[in-house]
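Here are my notes on this model, as numbered points. Please read them with the structure open.

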Amino acid sequence: MDTLTLSNGKKMPCMVMSTNYMDYPLMKKVVTAGLKCGFRAFDTARDYGNEDVVGRVISECMRELHIPREEIFITTKIGNSQQALGNIEQQIEISLKNLRTEYVDLWLMHWPYPDHYVDTYKKMEKVYRTGKARAIGMANYRLRHFERLFGAGIEVTPHCVQYECHPMRTADEILSFCRSKDIAVQAYSPICRMIPEIRDNSLLKEIADKYHKTVAQVILRWHIQRGTVPVFKSVKPERLEENIDIFDFELTDDDVRAVSSLDQDYKYHLESASCPGY
Ligand SMILES: NC(=O)c1ccc[n+]([C@@H]2O[C@H](COP(=O)([O-])OP(=O)(O)OC[C@H]3O[C@@H](n4cnc5c(N)ncnc54)[C@H](OP(=O)(O)O)[C@@H]3O)[C@@H](O)[C@H]2O)c1
């Protein structure tokens with residue numbers, strides 16, 4: 001698995017597998033299959049309700065497949081209800097206990113929770129300095145949230161930002177902003193759940209046929225070439241193999257532009273009810 005280097009020198013795999021809404025037997029099957037075909041990065045969040053299952057599964061898989069912790073990259077997130085409590089330094093301890101690890105590789109603020117997100121970030125900076133989070137960042141920020149945060153005198157530039165990004169939502173403004181600040185980007189819902197508008201799109205099908213690849217592979221490859229790290233979900237081992245099989249071809253610049261031309265600022269996921277106006 002190729003890696004990207006974050007602004008603090010830490011390496012992040014260029015593709016991430018999701019673990020959300022899976023119970024233990026399913027996650028064990030999916031994570032085992034993913035590790036066997038080469039994935040090393042996993043996405044979770046406190047609000048997914050199964051952080052402890054992620055911890056159990058990853059620690060078991062590392063032992064059974066003889067993979068050291070340093071090779072694994074774990075992202076988790078602090079949710080709004082935990083932000084509201086204000087005890088951010090204690091929240092990382094809960095995540096570490098759930099995840100059975102001494103550090104997380106990336107700790108994201110899940111949402112720019114109004115009236116809390118600046119304070120939360122400043123406390124996350126303190127946690128970063130302890131080494132319990134090797135990198136920090138946020139998800140679901142708009143430019144105005146970044147402006148407010150940077151205007152509030154933060155000391156640690158976020159290392160990574162996660163947001164919904166796929167051909168129907170290229171979010172170029174946020175990407176340009178992140179590039180200008182040397183902030184890495186994780187793209188969630190990277191294949192837009194393969195909704196019919198994506199799955200049956202004639203342009204995507206044409207490009208896929210040209211390279212003898214699937215539409216999902218073309219989109220994942222498009223992410224790699226734009227430098228956005230896809231955070232995808234699949235519970236099917238055969239699809240994990242399909243999704244990682246994207247390093248033996250390269251889209252032309254014209255193909256990259258053609259895929260990007262599908263942008264219509266379409267968002268699959270609704271805004272968080274506790275972040276009005278997001
Ligand atoms: N930070 C946030 O607020 C936030 C919000 C939303 C999502 N996320 C993260 O991003 C992850 C992925 O997002 P997502 O699940 O919304 O979208 P996604 O990864 O774009 O789509 C997942 C869907 O695509 C299918 N799929 C996967 N590979 C496929 C392939 N090669 N061909 C056809 N279908 C394929 C999966 O079905 P099968 O399982 O049947 O293969 C699943 O139904 C989440 O699980 C979560 O970890 C974060």
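1. Start with helix α10, residues 215-226. Its 12 residues should span 16 Å at 1.5 Å a residue, and the end C-alpha atoms lie 17 Å apart, which agrees. The expected span is 1.5 Å times one less than the number of residues. Helices (H or I, at least four residues) and strands (E, at least two) are DSSP runs, numbered from the N terminus.

2. This is a predicted model: local features need pLDDT of at least 70, side-chain atom pairs count only at pLDDT 80 or more, and totals for chains, interfaces and linings use all residues. Residues are numbered from 1 along each chain as its sequence is written.

3. Which residues of α10 are buried? They are Val215, Ala216, Val218, Ile219, Leu220, Arg221, Trp222 and His223. Buried means 20 or more other C-beta atoms within 10 Å of the residue's own, with C-beta atoms placed from the backbone.

4. The buried residues of α10 pack against β9 (184-188), α8 (196-199), α9 (202-211), β10, α11 and α12 (253-260). Contact means C-beta atoms, placed from the backbone, within 7 Å. Gly227 follows α10 and has a positive phi, near 85 degrees.

5. Now the ligand. Ser18, Tyr188, Ala216, Lys233 and Ser234 come nearest among the 25 residues around the ligand. A residue counts as near if its C-beta atom, placed from the backbone, lies within 6 Å. β10 (228-232) and α11 (237-244) each supply at least two shell residues. The largest share, three residues, comes from α11.

6. Overall, the protein has 12 helices and 10 strands. Buried residues make up 41% of its 278 residues.

Methods:
Buried ≥ 20, exposed ≤ 12 C-beta atoms within 10 Å, placed from the backbone. Contact = placed C-beta atoms within 7 Å.
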